[in-house]
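Here's a quick briefing for anyone opening this structure for the first time. Have a look at the picture, then work through the points below.

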Amino acid sequence: MSDFLMKPRTAFQGMNRIAQGPVAEVALAVKGAMQVAPDASFLTFDDATGGVVDLDLRGTPAEIVARLEQRAEAADPPTVRSRGRPKLGVIAREVTLLPRHWDWLAQQPSGASQALRRLVDDARRGDGGRSGVREAQSAAYKFMSAMAGNLAGFEEATRALFANDRDGFVNYTQGWPEDVHAYALSLMTNRPAALP
């Protein structure tokens with residue numbers, strides 16, 4: 001099944017979290033909630049990025065799911081057999097380097113591709129988790145901007161978020177609606193919180 005269809009999403013009706021899970025389940029839950037409360041506001045978020053997910057909720061549940069499946073196919077086009085090692089997930093892309101970089105790579109006994117993979121792996125191990133912290137901060141900020149921009153303590157919470165001050169973040173978001181506070185904290189700590 002496609003990554004697009006399986007990646008967890010979370011939906012809010014106003015300030016209340018109403019659904020969490022794969023996009024099709026969340027879309028159908030939002031559709032049902034919209035039928036009960038057509039004037040309410042609904043937003044759906046990608047749990048990995050904190051970004052808003054646009055859902056086309058027109059038509060029947062089967063039509064909604066069919067559109068999501070089409071969107072997933074467009075996001076994950078069928079792979080064309082190419083050179084390399086596709087079973088290992090190797091993807092050929094263009095890399096632009098200066099001549100001195102190409103010269104150095106040409107001197108490596110294992111070849112340019114292996115040397116680049118080794119350099120990337122070393123950099124990932126050596127960053128001490130900073131890239132994961134940046135991704136979590138970005139996800140939390142995107143969500144907070146969409147849901148909490150007008151709430152008391154937003155600016156202070158944002159400063160605490162980017163200072164990686166969990167206690168300060170919790171303190172400034174404590175007065176927020178419970179679901180908004182919990183979801184923002186789960187994004188900040190990169191630990192998705194399940195629905196109660």
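## A quick tour

Three residues, D56, R58 and R67, are joined up in a network of salt bridges. A salt bridge here puts a side-chain nitrogen of Lys or Arg within 4 Å of a carboxyl oxygen of Asp or Glu. What you're looking at is a predicted model, where local features need pLDDT of at least 70, side-chain atom pairs count only at pLDDT 80 or more, and totals for chains, interfaces and linings use all residues. Residues are numbered from 1 along each chain as its sequence is written, and side-chain values use heavy atoms, with hydrogens and water left out.

**Two terms to keep handy**

- Helices (H or I, at least four residues) and strands (E, at least two) are DSSP runs, numbered from the N terminus.
- Buried means under 20% relative accessible area, exposed means over 50%, and partly exposed is in between (1.4 Å probe, protein chains only).

**Salt bridges**

- There are three salt bridges in the structure.
- D56 and R58 bring their side chains together in one of them, at 2.5 Å from N to O.
- R67 also forms a salt bridge with D56, and here the closest N and O atoms are 3.1 Å apart. That pair connects distant parts of the chain: R67 belongs to helix 3 (residues 61-75), while D56 is in the loop between strand 3 and helix 3, eleven residues apart.
- How open are these residues? D56 is partly exposed at 30% relative accessible area, R58 is exposed at 56%, and R67 is partly exposed at 23%.
- D46 and K7 also meet through their side chains in a salt bridge (3.1 Å, N to O). This one links distant parts of the chain too, with D46 in strand 3 (residues 42-46) and K7 in the loop between helix 1 (3-6) and strand 1 (9-13), 39 residues apart.
- D46 counts as buried, with 7% relative accessibility, whereas K7 counts as partly exposed, with 32%.

**Aromatic rings**

- The structure holds seven aromatic pairs. Rings of Phe, Tyr and Trp (its six-membered ring) pair if their centres lie within 6.5 Å; planes under 30 degrees apart count as stacked, over 60 as edge-to-face and the rest as tilted.
- F12 and Y183 are an edge-to-face pair, because their ring centres are 5.6 Å apart and their planes sit at 65°. The pair links distant parts of the chain, F12 in strand 1 and Y183 in helix 9 (residues 178-188), 171 residues apart.
- F143 and Y183 also form an edge-to-face pair, at 4.7 Å centre to centre with 80° between the planes. F143 lies in helix 6 (residues 130-147) and Y183 in helix 9, so this pair ties together parts that are 40 residues apart in sequence.
- Ring pairs link F12, F45, F143 and Y183 into a cluster.

**Strands 1 and 3**

- Strand 1 and strand 3 run antiparallel, with five bridges joining them. For strands to pair, DSSP has to find at least two bridges between them.
- Which residue in strand 3 is the bridge partner of T10? That's F45.
- Strand 3 is mostly covered, as four of its five residues are buried.

**Helix 9**

- Helix 9 is largely enclosed by the rest of the structure, because nine of its eleven residues are buried. Among them are H181, Y183 and L187.
- What do those buried residues of helix 9 pack against? They pack against strand 1, strand 2 (16-21), strand 3, helix 6, helix 7 and helix 8, where contact means heavy atoms within 4.5 Å.

- Most residues other than glycine have a negative phi.
- N164 isn't a glycine, yet it has a positive phi of about 60°. You'll find N164 in the loop between helix 7 (154-162) and helix 8 (166-173), and it counts as partly exposed at 48% relative accessibility.
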